Amino acid sequence: MDRLTLVLWIFDSVTGLGLLLLAGWALASPQLFRGIILFVAFSLMMSIAWVRIDAPDVALAEIAIGAGLTGALLLAALSRLGDSEPTQESMNRPIERSYRARTFRSLTASLLAAVAVALVFLILALPGDSEGLGAEVAASLDASGVSSPVTAVLLNFRGYDTLLELLVLLLALLGVWSLGGLPAQPVSPAVLVLDTLARILIPVLLLSSAYLLWAGTHAPGGAFQAGAVLGAAGVLLSLAGWQVRQRYTGVTLRLLLIAGPSLFLAFALYTIVAGQSLLEYPPQRAGVMIVLLEVAATLSIGTTLAALFVAEGPRNKEGQ
Amino acid sequence: MILSDYVAAVLLLVGVFFFLAGTVGLVRFPDVYTRLHALTKSDNVGLGFVVMGLAVEAESWFVVGKLLLIWMLVLLAGASVAHLIARGATQRGVRMWTD
Amino acid sequence: MEALAATVSWDACLIVLPLLGAIACFAWPNAAKKLALGTALAVLVSIASLTIRVTAAGAFRHAVGAWGAPLGIELLVDGLSLVMLSATAIVGLAITIYSAGYFKADVSSRFWPLWLFLWASLNALFLSSDIFNLYVALELTGLAAVTLTALAGSADALTAAARYLLVSLLGSLTYLLGVALVYHGFGSVDMAVLAGRVESTPVFWAAFSLMFVGLALKTALFPFHFWLPPAHASAPAPVSAALSGLVIKASFYILMRLWFEIVPADYSTFTNFLGVLGAAAVVWGGLQALRAKRLKLLIAYSTIMQVGYLFLAFPLAVAAAWRGALYLILSHALAKSAMFLAAGNILYCAGHDRIESLDRIAQRLPMSLAAFAVAGVSIMGLPPSGGFIAKWLMVEAALKSGQWWWAVTLVLGSLFAAAYVFKVVGYAFTQAEAPHTSIDVPAAMEWAALALAVAAVLMGLIAPWILASMEIGRAFPGAAIP
Amino acid sequence: MSSVPLFALVGAGLFCIGLYALIVYAHLLRKILAINVMGSGVFLVLATLADRTVNAAPDPVPHAMIITGIVVAVATTAFALVLMLKVAEKTGRAELPDERTG
């Protein structure tokens, strides 16, 4: 084993161990706030792991969505939980301290430890040389319209999954709204530093979003990462106290939310009526169509994620 | 290894040292204000050294530009967030450490 | 026009049309009811056309994006998926008509897009032949089901929805871990490709166990049933009908598919274990249903019992038992939805569903009570209902394969069912001391419940046709019994 | 990547740690965190094994699947958090009551 391999191996081991420790620590932390912060640290470390296993696309998605947006969502929820919290004591410890509960916990722990050991042996028993579908993807990449393999899989080879996934996102927002949304956060007085930060960062975020979208056709990036960065811009604006005016939260907002899924579904409907396979791209125009779909999807993903963060529910006349 | 490699290694090591110092400060200092002080200052400098170290090894000026941009963004975000945390702590009445 | 009808892929319509409908309902909430009814009709046309095509030309696969497995996703239309889609369409139409009257205006605009999402995701799930795509469809189904459960808005419903959501997510993640191991063990996520590659190795069995546990959680197999009664009892009535009638069947359907398509050989220890769990579910569900004080809770426990029957098909392991199990899925989908819709009418009219206070319901809602009783005929398994055919097939399979104890379980289940159905009907005919205030129930709601109940009974009369349809493209595994 | 799929083993560990916390802790926010940790574990298993072949580009299909999974996870997390807040609003506790019947 040469020196670099050894160093990397140590690095990986430290990262792996760190992940396990951070996860355990985040979940067992006596204070929820600390738990969330540790979870965000866990997600950041996950993205290091993604880079180490040659998955830069996933690393980008993890940083933007896993660490960034999920962290923001968790913290916002915690701050809203506020006074309805039971005492610190009852909310933080496991369900009970009785003998029965302790036995239950140790039984669960031993059982899961056994499961973990079994999984470890199985993973080690997997064939070492499986290439999965790498070769198939490479062979069809030229016909897919893009040169980034992950984007080709997401938008073309398994575009149907992506369509359903966009709908999961929309459905989650519908679910939040159907719960009646949350009361608007009280508008805090403008903070100069936050305002300035937002003013500088928003253009940078928009630019990064556009770059990620464009890069996605040939390099790591794509609609989801771009959408997540766009969503982050929305979150920042909302934190800086921006309020979207009422006239834009009705139809305009709805149209933005459904742009991505609608364009995808319109394409699906076209292929059905034309008697083709569902979501079959014409080979010459695949590249252009994928870019169009990605632009619409990015807008919708960004808007949906920001709306999930704001979570106030529609403020138009039907929703009130 | 050529000269630039050594330069890069030294710069990276200095950067890591600052990170380490900041982290020690984060763990050891008594209250939120002093911790922020330790963390932001030394991390910004540490990152600066890391960026310089990587810039020495960079393949093109374009990459150097990107590295500098990263550093500036982290400076901006770090400084602003440190301010916001300190502001939040003051508003909630967290006292400063005096001893 | 006819040329168009011949080239259109009706299977894809079953997914795309309700999704478009859902988005349209979201974009134009004021027109949601009309849009939803229109979508339901369009789905009905699609399933009818698809049935005609499959009956004439046989099962087929549809390569999404024209890539084909293993690179792309494939849809599979055969008898098994066709009967599931048809049951979903029939129940779905009844629920749509029912809901048009059930929900008040403010809830209504929120209900329609969610309901169409649920319908679309069920269709997507029944059509998919790709185990990762099934994961996405499962998540879509689970999320839609939970949002619909929470629509009731009460503390009970919200708590039940939260529990349901956690169980649902746990189930899908466990399933996904199994999918990950399958993919890395055998290099594909397409069932047909996997069928040719899977060997009976420890890796496969571990992966299958994970997938099994995840799906059993979502199907509410005993002892994973704990989340079901509160969720199904506290959701709005049409939602309960969809949850009990269709949603839990979706995960069982995947289990059946996996079992038929890719599991290499039967292991009698494992299948007998499943049979024992099924029998426990029958007894436990029956006892709890008898003890239940509220009508919807009783119906929910009855569902746990029916899920138990389904798992008896694993140890029976002959084709007739699988036919019986599938028949049970179909007849239960109709009968149980009818029961929940009838219970919803009672709740709507009387303002409560306490069984002991159901007096005079027979006078005020004769049609709904009739719907409950007629659906009960199928749940009990009395001739000529669909439930009877199902149980008859399974009992016969048990006796002919020399496993009489499963037949005893089935008969015991019928006795339980008879007891709790009569308990409800008995209270409903009791004379009340004082008259109650009541709200009139829209006629469409009563008709929807009754129509489903009658359909569940009539299913027994068209058994030969259904039995022939369900095996188009794939004969069920296991020996034919002489 | 070394021949030992180290991160896949970590993924298996994360799955079990998350599952333990999901079962044992009562607070809904903690349960939601636990689900997210479990998800990360599954994704690690899925991706690490895609990178087993030395000197070959990793298989992009699992990467695409994970991106799908991450988006699904954030969507469900967002909904779960609001549901939690609604439960807390109605019952005063962000916990599920213990099972009474079965």
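**Chain architecture and contacts in a predicted four-chain model**

No contact links chain B to chain C, and the closest C-alpha atoms of these two chains lie 32 Å apart. The model discussed here is a predicted one.

On the side of chain D, 70 residues take part, and they meet 74 residues of chain A. Three helices of chain D each give two or more residues to this side, namely α1 (6-24), α2 (28-48) and α3 (60-91). Of these, α3(D) makes the largest contribution, with 25 residues. By residue class, the side of chain D that touches chain A holds 50 nonpolar, 13 polar and seven charged residues.

Chain D also meets chain C. Here 25 residues of chain C are in contact with 29 residues of chain D. The elements of chain C that supply two or more residues to this side are α6 (131-150), α7 (155-186) and α12 (268-291). The largest share comes from α7(C), which provides 16 residues. The side of chain C that touches chain D divides into 19 nonpolar, four polar and two charged residues.

Turning to the individual chains, chain A contains twelve helices and zero strands. Read along the sequence, its pattern is accordingly α-α-α-α-α-α-α-α-α-α-α-α. Chain A is divided into domain 1 (1-93), domain 2 (100-124) and domain 3 (148-320). The centres of domain 2 and domain 3 of chain A, taken over C-alpha atoms, are separated by 40 Å. Buried residues account for 47% of the 320 residues in chain A. Among the contacts in chain A between residues at least 6 apart in sequence, 73% join residues at least 24 apart.

Chain C has a secondary structure of 20 helices and two strands. Its 482 residues would give a radius of gyration near 23 Å if they formed a compact globule, and the 21 Å found for chain C agrees with this. Along the principal axes, the C-alpha atoms of chain C fill a box of roughly 70 × 55 × 40 Å. Buried residues make up 66% of chain C. For contacts in chain C with a separation of 6 or more, 80% are between residues 24 or more positions apart.

Chain B is built from three helices and zero strands, in the order α-α-α along the sequence. How does its radius of gyration stand against that of a compact globule of 99 residues, and what is the value for chain B? Such a globule would have a radius near 13 Å, but chain B has 16 Å. The C-alpha trace of chain B spans about 55 × 25 × 10 Å along its principal axes. Of the 99 residues in chain B, 13% are buried. Even so, residues 24 or more positions apart account for 65% of the contacts in chain B with a separation of 6 or more.

Conventions:
Residues are numbered from 1 along each chain as its sequence is written. Chains are lettered from A and ligands numbered from 1 in the order in which they are written. This is a predicted model: local features need pLDDT of at least 70, side-chain atom pairs count only at pLDDT 80 or more; totals for chains, interfaces and linings use all residues. Domain bounds come from an automatic or database domain assignment. Helices (H or I, at least four residues) and strands (E, at least two) are DSSP runs, numbered from the N terminus. The radius of gyration is taken over C-alpha atoms; the globule rule is 2.2 Å times the number of residues to the power 0.38. A residue is buried if 20 or more other C-beta atoms lie within 10 Å of its own, exposed if 12 or fewer, and partly exposed in between; C-beta atoms are placed from the backbone. Two residues are in contact if their C-beta atoms, placed from the backbone, lie within 7 Å. Ala, Val, Leu, Ile, Met, Phe, Trp, Tyr, Cys and Pro count as nonpolar, Asp, Glu, Lys and Arg as charged, and the others, Gly among them, as polar.
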